[in-house]
Amino acid sequence: MEIDPFIFRLSIFILSIFIGYYVVWSVTPSLHTPLMSVTNAISSVIIVGAIIAGLAGNSDNIFNTSSILGFLAISLAAINIFGGFLVTQRMLAMYKKKKKDK
Amino acid sequence: MISANLSAIFYLISGVLFILALRGLSSPETSRQGNFFGILGMVIAITVTFLSIGSFSSGFIYVLIFLLIGGLIGAFIAYKIPMTAMPELVAGFHSLVGLAAVLVATSAFLNPEAFNLGSPGNIKLGSLIEMSIGAAVGAITFSGSIIAFLKLQGMMSGSPITFKGQHPLNALILISIVIVTYFLCSTQSTSLFWILLAISFLIGFLLIIPIGGADMPVVISMLNSYSGWAAAGIGFTLENTALIITGALVGSSGAILSYIMCKGMNRSFFNVILGGFGATQQSATSGDKEQRPVKSGNAEDAAFLMKNASSVIIVPGYGMAVAQAQHALREMVDTLKKNDIKVSYAIHPVAGRMPGHMNVLLAEANVPYDEVFELEEINNDFANADVAFVIGANDVTNPAAKSDPQSPIYGMPVLDVEKCKSVLFVKRSLSPGYAGIDNDLFYKENTLMLFADAKKMTEEITKNLD
């Protein structure tokens, strides 16, 4: 009997939770704010679904309800992706070590 | 057009890159590289999606246009936002993830063929369940984050909003979400889908309104977690590994942060979520105490004390963020250092309105991160320090948390500020902190209260130090 592909996805999901658990505990507390902004940015990989939704309409009917929803979702996710990564970049650039022999 | 297997491998690679992005944050040195991995992962995921669809219909141009519009808005916000507004920004961003999840789920529900999920009214059962969960969690994330955003922005009162029967009502709505999901999956009815969305929006709103301003670190972390679970739900629907991995990472990340924040307040997660903290205590404690004498001083006294010290520990709190005093503070510290005074910073886990809030502000003011310490690292040093300079913090220094079992904050880990030879307290007035409890520290022999705006006071002290 074949295994349902759902089980494979579930396995990936559960293992990723464990990876997340250990990786996040090793994040230094001083970087918790950048952690939040970067997790925000990466969770916007949901844009993948938005793109599929946006391109769902056929050429003579680009704007049906479901593709309009897709286009909106693309914009929202894009705000998050660009905003999230750039603001993280901006924050991380500020973390500096003490200058030696000053 | 690339094969489904190949694109699945690329999605896996981008998932791994996202793990590396979080891994990089274990130290500031590797963090920038980590962020780069994150960006790379995102570029791969988006590119592969385009390639796997292949048919570059005229819709493609619209995808690019909307991507560009969103990107420009996002970039603009990222460059303009002041660091003090980071909690609002993150809450706002969470709401967008939530809404995007709702939109994608709705789109998949209305047009399942595009996602290979069956046909309208005949969607595969598994997909429908996943989609409903994604949509419901996304909706809760959206409306909850909007409320958190409004509270942090000050557009809505930060005090808890409670009413009679709140908890039974919330429980009822949560149960009805489960019931509606069940019937939605068995009947495939579109109207039930809309009802599910509506009650999920409602519960997100109701869950956050009873939670007060200073509990926002927990709320933001929790919503962070929700946005991850919503993404994972959609990931299952789309059978997309990148999305599943990311959702799990973000979900557990937010959960861990909420746990750390709750521990920082010695309160259970449910205690925070059920809300109403602070509002009840306020009325109980005010009134029964007559005014006790405090020693108040001015900038000159403070400068004198610090000049004669050999080590100073600075304890920043939300008040510093409100007064935008971080730059003035760093200038003061520079002057102290010129006088060969050792200065370090002590950060309480729940200082500020989000995890790590104070660290970012200090970093913005060019404070080197190796001078900034967490509670456990520095708490023993207070006994050997000459001056503790408390700027905009209150409850996190209250010794009642250690000595008074009656106190609502009893058991919360606090900074042992009172062990310093002298304590300088920059505060606008004697009013109690968020928890609504008096701080005994104000009345101690070795405490000097500096009643002023944090920024102005710090600037004046700097002048007096020269």
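This is a predicted model: local features need pLDDT of at least 70, side-chain atom pairs count only at pLDDT 80 or more; totals for chains, interfaces and linings use all residues.

Student: What is the secondary structure of chain A?

Tutor: Chain A has 4 helices and 0 strands. Along the sequence that reads α-α-α-α.

Student: And how much of chain A is buried?

Tutor: Of its 102 residues, 58% count as buried. If you take the contacts in chain A with a separation of 6 or more, 64% of them are between residues 24 or more positions apart.

Student: Why give both an angle and a distance?

Tutor: Two packed helices are described by the angle between their axes and by the distance between those axes.

Student: Okay, H4 of chain B next. How far apart are its end C-alpha atoms?

Tutor: They are 36 Å apart. Helix H4 of chain B covers residues 86-110, and its 25 residues should span 36 Å at 1.5 Å a residue, so the two values agree.

Student: Is H4(B) mostly covered or mostly open?

Tutor: Mostly covered, with 23 of its 25 residues buried.

Student: How does H4(B) pack with H7(B)?

Tutor: Helix H7 of chain B is residues 190-208, and it packs with H4(B) at an angle of about 170 degrees, with the axes 11 Å apart. That angle is why H4(B) counts as roughly antiparallel to H7(B).

Student: Which residues meet there?

Tutor: On the H4(B) side they are Val102(B), Ala105(B), Thr106(B), Phe109(B) and Leu110(B). On the H7(B) side they are Thr190(B), Phe193(B), Trp194(B), Leu197(B) and Phe201(B). The residues of this contact divide into 8 nonpolar, 2 polar and no charged.

Student: What about H8 of chain B, how many residues does it have?

Tutor: H8(B), residues 216-238, has 23 residues. From its first C-alpha to its last it reaches 33 Å, close to the 33 Å expected at 1.5 Å a residue. Of those 23 residues, 21 are buried, so H8(B) is largely enclosed by the rest of the structure.

Student: What comes after H8(B)?

Tutor: Glu239(B) follows it, with a positive phi near 55 degrees.

Student: Where else is phi positive in a residue other than glycine?

Tutor: Asp340(B) has a phi near 60 degrees, and Asn366(B) has one near 65 degrees. Asp340(B) is in the loop between H14 and strand S4 of chain B. Asn366(B) is in the loop between helix H15 and strand S5 of chain B.

Student: Are those two buried or exposed?

Tutor: Asp340(B) counts as exposed, at 71% relative accessibility. Asn366(B) is at 43%, so it counts as partly exposed.

Student: Let's stay with single residues. What does Val333(B) contact?

Tutor: Leaving aside neighbours within four places in sequence, Val333(B) is in contact with Ile314(B), Val343(B) and Tyr345(B). Val333(B) is in helix H14 of chain B, residues 326-338, and at 1% relative accessibility it counts as buried. Val367(B) is 34 residues from Val333(B) in sequence, and their C-alpha atoms are 9.3 Å apart in space.

Student: Which residues does Thr241(B) contact?

Tutor: With neighbours within four places left out, Thr241(B) is in contact with Ile12(A), Ala8(B), Tyr11(B) and Leu12(B). Thr241(B) is in helix H9 of chain B, residues 241-265. Its relative accessibility is 13%, so Thr241(B) counts as buried.

Student: Last one, Ser26(B). Where is it?

Tutor: Ser26(B) lies in the loop between helix H1 and helix H2 of chain B. With a relative accessible area of 25%, Ser26(B) is partly exposed. Apart from neighbours within four places in sequence, Ser26(B) is in contact with Ser26(A), Val27(A) and Thr28(A).

Note on methods: Residues are numbered from 1 along each chain as its sequence is written. Chains are lettered from A and ligands numbered from 1 in the order in which they are written. Side-chain values use heavy atoms; hydrogens and water are left out. Helices (H or I, at least four residues) and strands (E, at least two) are DSSP runs, numbered from the N terminus. The expected span of a helix is 1.5 Å times one less than its number of residues. Buried means under 20% relative accessible area, exposed over 50%, partly exposed in between (1.4 Å probe, protein chains only). Axes are lines fitted to C-alpha atoms, for helices over the stretch in contact, and angles run from 0 to 180 degrees between N-to-C directions. Angles under 35 degrees count as roughly parallel, over 145 as roughly antiparallel, 65 to 115 as roughly perpendicular and the rest as oblique. Contact means heavy atoms within 4.5 Å. Ala, Val, Leu, Ile, Met, Phe, Trp, Tyr, Cys and Pro count as nonpolar, Asp, Glu, Lys and Arg as charged, and the others, Gly among them, as polar.
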